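Biologist: Show me the model, please. I want each label set against its cut-off.

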Amino acid sequence: SLALSKLLIYLFMNVQPVHNFVRHLPHYPEEKNIMFFGGVAVVVSFLATLWILYLVGPLAGKNLYLLSVITLCLGLMFGLGGMDDVFDFKAWIKFIVQISIATILYFSGIKIVRLGDWELWDGLSYFLTTLWVIGLTNAVNLIDGKDGLAGGVIQLSCATLFFIYFG
């Protein structure tokens with residue numbers, strides 16, 4: 001995933017037809033070395049790695065539904081971010097779409113059901129799941145203003161989860 005992400009970033013920054021397309025978008029930053037639409041590399045490499053692991057076998061076949069829901073919702077959230085970069089949506093429109101995506105996740109079974117030993121009732125579970133999805137999405141979006149900061153924070157988070165899970 002890391003290698004694919006680095007390759008895609010290289011293509012965006014150095015392959016002339018791709019760079020020219022990205023450079024002519026309405027909200028392209030003035031600084032020359034800022035990676036605009038850098039999330040494409042992260043999302044594509046993440047999904048490619050996830051599906052390759054599923055197809056090769058380390059992820060159990062029963063996870064197909066889960067992977068499909070994650071792919072759909074990540075695609076929707078990514079599409080919202082990309083369209084917002086181009087069309088500059090109002091905050092309330094983005095908020096409604098983010099709530100809708102969090103609702104899809106919740107009703108697909110990806111939800112917070114416990115806090116420690118406490119089992120949550122459905123209303124609180126829905127609220128916390130929605131708050132978590134929207135909160136993380138907007139937190140990453142807020143720190144994405146500085147080139148490389150969001151990617152670095154996400155990589156550290158993933159590395160931490162990896163060591164917790166496998167350590």
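Biologist: What should I know about the source?

Modeller: This is a predicted model, in which local features need pLDDT of at least 70, side-chain atom pairs count only at pLDDT 80 or more, and totals for chains, interfaces and linings use all residues. Residues are numbered from 1 along each chain as its sequence is written, and side-chain values use heavy atoms, with hydrogens and water left out.

Biologist: What makes H3 and H4 roughly antiparallel?

Modeller: Their axes cross at roughly 170° and come within 11 Å. Axes are lines fitted to C-alpha atoms, for helices over the stretch in contact, with angles from 0 to 180 degrees between N-to-C directions. Under 35 degrees is roughly parallel, over 145 roughly antiparallel, 65 to 115 roughly perpendicular, the rest oblique. H3 and H4 are therefore roughly antiparallel.

Biologist: Which residues make the contact?

Modeller: Contact means heavy atoms within 4.5 Å. Phe 46, Leu 50 and Trp 51 are among those of H3, and Leu 67, Leu 74 and Phe 78 are among those of H4. By class, the contact has twelve nonpolar, three polar and no charged residues.

Biologist: Why is Asp 84 called buried?

Modeller: Buried means under 20% relative accessible area, exposed over 50%, partly exposed in between (1.4 Å probe, protein chains only). Asp 84 has 12%, so Asp 84 is buried. Other buried residues of H4 include Leu 67, Cys 73 and Met 77. Helices H3 (39-56), H5 (91-107) and H6 (122-143) are among what covers the buried residues of H4.

Biologist: Why is the pair of Lys 94 and Asp 84 called a salt bridge?

Modeller: A salt bridge needs a side-chain nitrogen of Lys or Arg within 4 Å of a carboxyl oxygen of Asp or Glu. Here the closest N and O atoms are 3.3 Å apart, and the pair forms a salt bridge. Lys 94 lies in H5 and Asp 84 in H4, ten residues apart. At 21%, Lys 94 counts as partly exposed.

Biologist: How many salt bridges does the structure hold?

Modeller: Two. Arg 114 also bridges to Glu 119, with the closest N and O atoms 3.5 Å apart. Arg 114 is partly exposed at 40%, whereas Glu 119 is exposed at 64%.

Methods
Helices (H or I, at least four residues) and strands (E, at least two) are DSSP runs, numbered from the N terminus. Ala, Val, Leu, Ile, Met, Phe, Trp, Tyr, Cys and Pro count as nonpolar, Asp, Glu, Lys and Arg as charged, and the others, Gly among them, as polar.
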